[in-house]
Amino acid sequence: AEVVIQESKDVLELTGETAQIAYVAYYGRPADNSGLGFWNDVLTDNEVNYAPRREDSLTGQERVIYNDIVNQFGTSDEAARLFGEHNDREKLNQVYQFAFDRDGDEEGLNFWQEQLDLGNVTLATFALEVALGAQNEDITVLNNKIASADLFSESIDIQAEIDAYSGSSGEIFGREWLEDFGDTISTQAQLDTALADLVG
């Protein structure tokens, strides 16, 4: 399959082409191809175009779909495996590490901790909001991760790869692989080596 790397964006937007953002920021790994296709289709069909840094607000059907995504991500078995043992501060920092390769700053952590305590956000909502709000160095790191993850998702296209990239072992593989990117974007050659390891 031909892979198109999208150029780095200076504002991130949740659209029918960018559901990968949720996988990278919340799960810390590339989406499986079918999951990515499913959520991209949902976002496309409902004409979701949400960029909080452009001061967009979610209304009507867009909000319904957004809530559906964060609820399904947030209540998944994978989320329980990933975050179940941790306190809120550790969970928040984990998301910062997944998205930006760094811990959260004290001010940001305190703000989001309060939002969690008040029940204004869930961890999955936080992950999507903090990713979509990225700027400066953070957006460069996250763009590189998303581009690498897109390459990964699009390249998992034979049954052996699809089978290997499922379940908790697949999740761990994807997470460890994506950790290497942030300063750089994966090349096809690097990815092909990784996929050979995955299937092997």
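Tutor: Before we start, contact here means heavy atoms within 4.5 Å, and the model we are looking at is a predicted one.

Student: Okay, with that in mind, which residues does Ser 148 touch, not counting residues up to four places away in sequence?

Tutor: Leaving out residues up to four places away in sequence, Ser 148 touches Trp 177, Leu 178, Phe 181, Thr 184, Ile 185 and Ser 186.

Student: And where is Ser 148 found?

Tutor: Ser 148 belongs to helix H8, which covers residues 136-155.

Student: Is Ser 148 buried or exposed, and why?

Tutor: Ser 148 counts as buried because its relative accessibility is 0%, where buried means under 20%.

Student: What does its side chain reach?

Tutor: The side chain of Ser 148 reaches the backbone oxygen of Asn 144, at 2.8 Å.

Student: Going up a level, how do the axes of H8 and H10 cross?

Tutor: The axis of H8 and that of helix H10, residues 167-178, come within 11 Å of each other and cross at roughly 135°. The two helices are therefore oblique to each other, since angles over 145 degrees would be needed for roughly antiparallel. In terms of handedness, H8 passes H10 in a right-handed crossing.

Student: Which residues make that contact?

Tutor: On the H8 side they are Lys 145, Ser 148, Ala 149 and Phe 152, while H10 contributes Phe 173, Trp 177 and Leu 178. By class, the contact of H8 with H10 has five nonpolar residues, one polar and one charged.

Student: Now backbone angles: what is the phi of Asn 136?

Tutor: Asn 136 has a phi near 55°, which is a positive value in a residue other than glycine. Asn 136 is found in H8, and at 62% relative accessibility it counts as exposed.

Student: What about Glu 47, and where is its place?

Tutor: Glu 47 is not a glycine either, yet it has a positive phi of about 55°. Its place is in the loop between helix H2 (33-45) and H3, and Glu 47 counts as exposed because its relative accessibility is 64%.

Terms used. Residues numbered from 1 in each chain as written. Predicted model: local features only at pLDDT ≥ 70, side-chain atom pairs only at ≥ 80, totals over all residues. Heavy atoms only, no water. Helix = DSSP H or I, 4+ residues; strand = E, 2+ residues; numbered from the N terminus. Buried < 20%, exposed > 50% of the residue type's maximum accessible area, 1.4 Å probe, protein only. Polar contact = N/O pair within 3.5 Å; in protein donor to acceptor, adjacent residues only side chain to side chain. Axes fitted to C-alpha atoms, helices over the stretch in contact; angles between N-to-C directions. Parallel < 35°, antiparallel > 145°, perpendicular 65-115°, else oblique. Left-handed = near helix turned anticlockwise from the far one by under 90°. Nonpolar A, V, L, I, M, F, W, Y, C, P; charged D, E, K, R; others polar.
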